[in-house]
Amino acid sequence: MCLTCGCGTGETSIESDKSAHSHTHADGTTHAHNHGHNHGHSHGHEHDHDHAHLHYGKGAAGNAVPGMTQSRLVQIERDILAKNDAIAQRNREWLAQRGIFALNLVSSPGSGKTSLLVRTIQALAGRLPVAVIEGDQQTSVDADRIRATGAAALQINTGKGCHLDAAMIDAALDRLAPVEDSVLMIENVGNLVCPAGFDLGEAHKVVVLSVTEGEDKPLKYPDMFAAASLMLLNKVDLLPHLDFDVAACLANARRVNPAIAIIEVSARSGVGLDRWLDWIARGAGAARQQRLDRVSTLQARVAELEAQVARLQPR
């Protein structure tokens with residue numbers, strides 16, 4: 001369930017076996033997109049009296065759901081995220097043991113995320129193996145595009161759900177079985193809100209923002225940009241035809257997240273692709289080295305235990 005919009009009441013299915021991972025979250029009674037009236041009496045929660053600016057993100061929960069107090073919302077969110085985070089940590093350990101560099105690609109619909117991913121896989125061919133988990137509410141269109149490149153891909157359809165969660169990735173990893181020392185790209189459902197709060201076990205969130213969307217997106221959707229390690233400013237080949245202030249966009253992103261790395265790219269022209277590929281290669285190299293270090297540590301420990309056993313043997 002997503003506490004922001006109440007999604008998760010539909011069926012989630014993983015490609016090729018729709019009965020393998022189907023479940024319903026919550027009771028379907030909560031939904032944050034409230035179009036109710038604005039009374040002057042108390043509703044039992046914080047009420048914004050600036051009637052020119054209705055702010056439903058105030059209060060301890062940073063959210064508002066009809067009929068629920070802020071304390072109840074906080075408790076529900078903690079329960080949901082605690083369960084998700086436990087599974088995410090298990091995913092992260094599974095990936096680390098295999099030296100797999102996992103990225104969670106997030107964006108609005110239409111940012112060019114899939115086109116950029118296709119171009120990236122093609123460019124990495126022969127350098128790094130890539131597997132992809134595709135998240136969409138319906139269809140396998142994007143997974144089919146990925147498979148056309150020769151990369152392994154698995155589609156997750158979330159139904160009414162607006163984001164992937166750690167349990168979905170857990171089930172997908174069992175099916176996809178990415179190889180050691182590879183790159184796993186998780187293309188999340190197009191949404192700049194809900195995926196920000198759900199850890200999937202990835203090494204990094206990468207937010208894709210296209211120049212057709214507006215330079216104020218980082219300020220409008222700060223949680224996502226704060227959660228991301230890297231922003232890819234996509235479709236820069238269109239800049240001569242648009243009224244888009246690149247400097248303002250970058251400043252807005254760094255205002256929300258001073259540590260965020262930014263690469264300007266174009267899936268169509270290939271501008272900035274080398275920097276993006278180098279960033280991936282560095283991360284994949286670090287993941288591989290971490291796996292090798294784990295192996296060396298375990299081997300040293302085994303050798304130490306064997307030596308201890310040998311010393312205890314009677315002569």
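Biologist: Leaving aside neighbours within four places in sequence, which residues is Q155 in contact with?
Modeller: In this predicted model, Q155 is in contact with S13, I14, E15, E134, G135, D136, T139, S140, V141, D142 and A143, once neighbours within four places in sequence are set aside.

Biologist: How far apart are Q155 and G135 in sequence and in space?
Modeller: They are separated by 20 residues in sequence, and their C-alpha atoms are 6.2 Å apart.

Biologist: Is Q155 buried or exposed?
Modeller: Q155 is buried, because its relative accessible area is 1%, and buried means under 20%.

Biologist: What does the side chain of Q155 reach?
Modeller: The side chain of Q155 reaches the backbone oxygen of E134 at 3.3 Å. The Q155 side chain also reaches the backbone nitrogen of A143, at 3.4 Å.

Biologist: Which strand is Q155 found in?
Modeller: Q155 belongs to strand β4, which covers residues 152-157.

Biologist: And where is β4 in the sheet order?
Modeller: The order is β1-β4-β3-β5-β2-β6-β7-β8, an open sheet of eight strands with mixed pairing. The edge strands, each pairing on one side only, are β1 (13-14) and β8 (261-264).

Biologist: How many bridges join β1 to β4?
Modeller: Two bridges join these strands, which run antiparallel. I14 has I156 in β4 as its bridge partner.

Biologist: Turning to helices, which strands does α4 touch?
Modeller: Helix α4 (residues 166-176) packs on the sheet and touches β1, β3 (130-136), β4 and β5 (183-187). The direction of α4 makes about 145° with that of β4.

Biologist: Which strands does helix α8 lie across?
Modeller: Helix α8 (residues 273-312) lies across β2 (101-107), β5, β6 (204-210), β7 (230-234) and β8, and runs at about 140° to β2.

Note on methods: Residues are numbered from 1 along each chain as its sequence is written. This is a predicted model: local features need pLDDT of at least 70, side-chain atom pairs count only at pLDDT 80 or more; totals for chains, interfaces and linings use all residues. Side-chain values use heavy atoms; hydrogens and water are left out. Helices (H or I, at least four residues) and strands (E, at least two) are DSSP runs, numbered from the N terminus. Buried means under 20% relative accessible area, exposed over 50%, partly exposed in between (1.4 Å probe, protein chains only). Contact means heavy atoms within 4.5 Å. A polar contact is a pair of N or O atoms within 3.5 Å; within protein, one must be able to donate a hydrogen and the other to accept it, and residues adjacent in sequence count only if both atoms are side-chain atoms. Two strands pair if DSSP finds at least two bridges between them. Axes are lines fitted to C-alpha atoms, for helices over the stretch in contact, and angles run from 0 to 180 degrees between N-to-C directions.
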